[in-house]
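The following paragraphs lead the reader through one protein model, from a single residue to the chain as a whole and then to its local features. Please keep the sequence and the coordinates at hand.

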Amino acid sequence: MEEVLYCEGCGAEIQSEDKMKSGYVPKSALNNEHIICQRCFRLKHYNEVQDVEYTDDDYLRMINQISNTDSLVVKVVDIFDFNGSFITGLQRLTGNNPIILIGNKVDLLPKSTNRNKLIHWMKKTASDYGLTVQDVFLVSAEKGQGFDQVEKEIETRRNDKDVYIVGCTNVGKSTFINQLIRRSSGVKDAITTSYFPGTTLGFIQIPLDRKSYMYDTPGVVNRRQLVHYVTDKDLKVITPKKEIKPKVYQLQDEQTLFFGGFARFDFEKGMKQSFVCYFSNQLMIHRTKLEQADEFYQKHVGDLLQPPSPETLEQLPELTKQTIKIPREKTDIVIPGLGWITVPDGGVTITIHVPKGVNISLRPALI
């Protein structure tokens, strides 16, 4: 039976020297020093940060170590992919430590967005996932918006304790940390350049004062995130880079909207009304008749309905549908990783088609 070894830095599983090919460093590669994985090895010997895709068990083993500390946990999520970028079971993994929730990329929201409603929705949804948060803050890690308040909150709540920054991949966690470091020390891109070398529990350790540290934890891969099924080229199209400009479509029942080839919105039943779409400004939206929608998709996906590109289509899960009767109030239908559609009047029946595993959600309209 193959010997099972674990990284002494972060706990990641190392099964044998054959693992060297898939990113792990065997004991012999370290001249019989401590057995550590490639991420810890690069940090220790070259001061380089290298992303390694940990298994779910590896990640849970690492994060669970926070429960044995007395610290503050800062969880970063992507406002445009809240469900997909949410780590379920985080409360259990971090113990009784207080948690602050950070919604990143607020600069991309339309200026008319009701931020109080968004914060309330984030708190409620986090609670529905079993996570109790001390407070919620909206920031732009890229532009530094909202950081005055966040810095004060972290300093007040940590009370000279360590701080652990957690989050899924692609939520802007490292950009968030770099922004905090830049504002306090003037050092730019500290995490990218590994300005603070060394690992503890597999985390990047950043000194806050003589007794406490901030830790950058590895980003967990959540397969509910659409981002993991698309090419870099497609990702640039579906990910907003500037403030979203809403697009309005007046539809009658039995009409369909395609959002590229990633999602489909069927207006099954209801009075004629205007639906407002909030997606990346680069993502093309196509309208057709519901009766022609299946044929239209099969004929044009990867071509007229692009993205997804042919390369993405090879790994993209098939579209599955969910029929929803919208209550009689203004409601957002959220498609994680893409955007949302506002249904103005309610009392309508909608069918949403999204890649299998991507879970849509409803919320009171933010605008």
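In which strand is Arg264 found? In this predicted model, Arg264 belongs to strand β12, which spans residues 263-269. Is Arg264 buried or exposed? Its relative accessibility is 7%, and because buried means under 20%, Arg264 counts as buried. Leaving aside residues up to four places away in sequence, Arg264 touches Thr256, Leu257 and Phe258, then Leu290, Ala293 and Asp294, and also Thr351, Ile352 and His353. A further relation across the sequence is that to Pro355: 91 residues separate Arg264 from Pro355, yet their C-alpha atoms are 9.9 Å apart in space.

The chain as a whole may be considered next. It holds nine helices and 19 strands. Of its 367 residues, 54% are buried. Among contacts with a separation of 6 or more, 70% are between residues 24 or more positions apart. The accessible surface comes to about 17800 Å², and carbon and sulfur atoms account for 45% of that area.

The strand pairing around β9 provides a local example. Strand β6 (residues 162-166) and strand β9 (residues 213-216) run parallel and are joined by three bridges. On its other listed pairing, β9 runs antiparallel to β8, with four bridges between them. A hairpin of five residues leads from β8 to β9. Which residues stand opposite Asp216 in β9? Ile165 is one of them, and Ile204 is another.

Strand β8 also takes part in a pocket. The second largest pocket has a volume of about 310 Å³. Its lining comprises 14 residues, and Glu155, Leu180, Ser184, Leu208 and Met214 are those nearest its centre. Helices α5 (147-158) and α6 (173-185), together with strand β8 (203-207), each contribute at least two residues to this lining. By residue class, the lining divides into eight nonpolar, two polar and four charged residues.

Rolling a probe the size of a water molecule over the atoms shows where empty space is left. How many cavities of 30 Å³ or more does a search of the whole structure find? The search finds one. The largest cavity contains about 30 Å³ of space. Its lining consists of Ile79, Asp81, Phe82, Asn83, Trp121, Val334, Pro336 and Ser361. Five of these lining residues are nonpolar, two are polar and one is charged.

The backbone deserves a final look. Most residues other than glycine have a negative phi, and most peptide bonds are trans. Where do the exceptions described here occur? The peptide bond from Gln306 to Pro307 is cis, with omega near 0°, and a cis bond also joins Pro307 and Pro308, where omega is about 15°. Pro307 lies in the loop between α8 (290-300) and α9 (310-313), and Pro308 is likewise placed between α8 and α9. Positive phi values are found at Lys105, near 80°, and at Asn159, near 50°. Lys105 is in the loop between β4 (99-104) and α4 (115-128), whereas Asn159 is in the loop between α5 and β6. With a relative accessibility of 54%, Asn159 counts as exposed, because that class begins over 50%.

Technical notes: Residues are numbered from 1 along each chain as its sequence is written. This is a predicted model: local features need pLDDT of at least 70, side-chain atom pairs count only at pLDDT 80 or more; totals for chains, interfaces and linings use all residues. Side-chain values use heavy atoms; hydrogens and water are left out. On a 1 Å grid over the protein atoms alone, a cavity is a set of points where a 1.4 Å probe fits but cannot get out, and a pocket is an open set with protein on both sides within 12 Å along at least five of seven lines; lining residues have an atom within 4 Å of a point. Grid points are joined across faces, edges and corners, and a volume is the space filled by probe spheres set on the points. Ala, Val, Leu, Ile, Met, Phe, Trp, Tyr, Cys and Pro count as nonpolar, Asp, Glu, Lys and Arg as charged, and the others, Gly among them, as polar. Buried means under 20% relative accessible area, exposed over 50%, partly exposed in between (1.4 Å probe, protein chains only). Contact means heavy atoms within 4.5 Å. Accessible areas come from the Shrake-Rupley method with a 1.4 Å probe; for residues, only the protein chains shown count as cover. Two strands pair if DSSP finds at least two bridges between them.
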